Amino acid sequence: MRAIARVEEVSINTVFKLLVQAGEACAAYHHDTVKDVESRRVQCDEIWSFVYAKEKNVKKAKAAPGGAGDVWTWTALDADNKMILSYRIGDRSGMTAIDLMDDLRSRIANRVQLTTDGHKAYLEAVEGAFGGDIDYAMLVKIYGGSTGSNGHEKKYSPAECSGIKKTTIEGRPKDEDISTSYVERSNLTMRMGMRRFTRLTNAFSKKLENHIHMISLFTVHYNFVRVHQTLRVTPAMEAGLTRELHDMEWIVGLIDARAPAPKKPGPKVGTKYRPRKSK
């Protein structure tokens with residue numbers, strides 16, 4: 001954001017204000033527009049980041065704001081049209097899982113097959129939101145040792161997936177559709193597309209509110225502006241929510257539409273108001 005301020009030669013406060021306006025406009029548009037989506041397969045996952053400082057360092061941090069520490073972004077993705085149907089930002093507790101599933105239930109129009117990872121918080125959340133009206137399965141990946149041998153190579157190399165375990169929780173999910181690959185790829189796009197998610201840099205979010213605004217902006221851009229490589233249209237167009245290919249000027253229009261109407265100019269400062277005499 002400071003780089004943007006330098007390039008555009010504007011105040012950093014102007015950039016902050018624009019982010020807040022864009023985040024609020026995009027969150028409202030997603031809430032009002034992504035409804036009654038006819039889905040067949042939905043995948044859910046969580047992606048980690050942090051605000052101000054990592055959880056273990058918050059107690060030692062100076063003047064840590066509210067919301068500092070580890071932050072998880074939960075997403076529910078349609079595996080066919082690649083649309084982010086629902087997202088929530090919070091901790092990794094059952095309350096955030098319940099919030100995500102309740103919101104997801106309100107946005108889909110039919111019975112779906114749902115796949116999540118093995119996080120136990122999903123169990124109560126899915127049961128509370130859908131009851132028995134869902135085909136739900138968990139996919140647990142089994143990891144072996146790191147691909148690196150030792151030292152720094154072992155520290156930074158990802159662990160090798162040695163197998164998977166599929167468990168049916170509710171209904172009759174199809175075995176070939178039990179997968180979280182698409183939502184994990186979407187999380188990779190999120191981490192690559194937002195500097196705040198880049199690991200081992202100083203570009204992390206300093207305030208939780210700005211972190212949420214950025215994710216709201218990213219979600220609307222991902223759903224309505226960014227053309228998906230395999231679909232050759234946007235996820236919103238594939239889902240039938242719009243027939244138009246939107247651009248960044250359209251997002252600016254969302255911001256302008258929420259702006260309050262300009263007030264009529266009052267009397268000039270330092271002048272005395274004198275009513276006109278009636279004839």
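Reader: What makes the contact between the side chains of Asp-135 and Arg-111 a salt bridge?

Author: The cut-off is a side-chain nitrogen of Lys or Arg within 4 Å of a carboxyl oxygen of Asp or Glu. For Asp-135 and Arg-111 the N to O distance is 2.9 Å, so the pair passes. Asp-135 sits in strand E5 and Arg-111 in the loop between H3 and E4, so this pair ties together parts 24 residues apart in sequence. Helices here are DSSP runs of H or I with at least four residues, strands are E runs of at least two, and both are numbered from the N terminus. Bear in mind that this is a predicted model, with local features needing pLDDT of at least 70 and side-chain atom pairs pLDDT 80 or more, while totals for chains, interfaces and linings use all residues. Residues are numbered from 1 along each chain as its sequence is written, and side-chain values use heavy atoms, leaving out hydrogens and water.

Reader: How do you know that Arg-111 forms a salt bridge with Asp-133?

Author: Its closest N and O atoms there are 3.4 Å apart, and that is within the 4 Å limit. Asp-133 is in the loop between helix H4 (121–130) and strand E5 (135–146), 22 residues from Arg-111.

Reader: Why is Asp-135 called buried?

Author: Buried means under 20% relative accessible area, exposed means over 50%, and partly exposed is in between (1.4 Å probe, protein chains only). Asp-135 has 15%, so it counts as buried. Arg-111 at 39% is partly exposed, and Asp-133 at 33% is partly exposed too.

Reader: How many salt bridges does the rule give?

Author: The count is 13. One of them joins Asp-80 and Arg-41, at 2.7 Å from N to O. Asp-80 lies in the loop between E2 and strand E3 (84–90) and Arg-41 in strand E1, so parts 39 residues apart in sequence are tied together. Arg-41 and Asp-80 also belong to a network of salt bridges with Arg-40 and Asp-177.

Reader: What makes the aromatic pair of Tyr-29 and Trp-250 edge-to-face?

Author: There are 7 aromatic pairs by the rule. Tyr-29 and Trp-250 have centres 5.0 Å apart and planes at 85 degrees. Rings of Phe, Tyr and Trp (its six-membered ring) pair if their centres lie within 6.5 Å; planes under 30 degrees apart are stacked, over 60 edge-to-face, the rest tilted. So 85 degrees lands in the edge-to-face class. Tyr-29 in helix H2 and Trp-250 in helix H9 are 221 residues apart.

Reader: Why is the pair of Phe-224 and Trp-250 tilted?

Author: Their planes are at 35 degrees, with ring centres 5.8 Å apart, so the pair is tilted. Phe-224 is in helix H7 (residues 208–224), so this pair ties together parts 26 residues apart in sequence. Tyr-29, Phe-224 and Trp-250 form one aromatic cluster.

Reader: Which residues form a positive surface patch?

Author: Lys-54, Lys-56, Lys-60 and Arg-199. Patch residues need over 30% relative accessible area and no salt bridge, with like charges joined within 9 Å. Lys-54 has 34% relative accessibility, so it clears the area cut-off. Lys-54 is placed in the loop between strand E1 (41–51) and strand E2 (69–78).

Notes. Patch = residues over 30% accessible without salt bridge, like charges linked within 9 Å, V, L, I, M, F, W, Y side chains within 5 Å. Areas by Shrake-Rupley, 256 points an atom, 1.4 Å probe, with all protein chains shown as cover. Lys, Arg positive; Asp, Glu negative; His and termini not counted. Charge placed at Lys NZ, Arg CZ, Asp CG, Glu CD.
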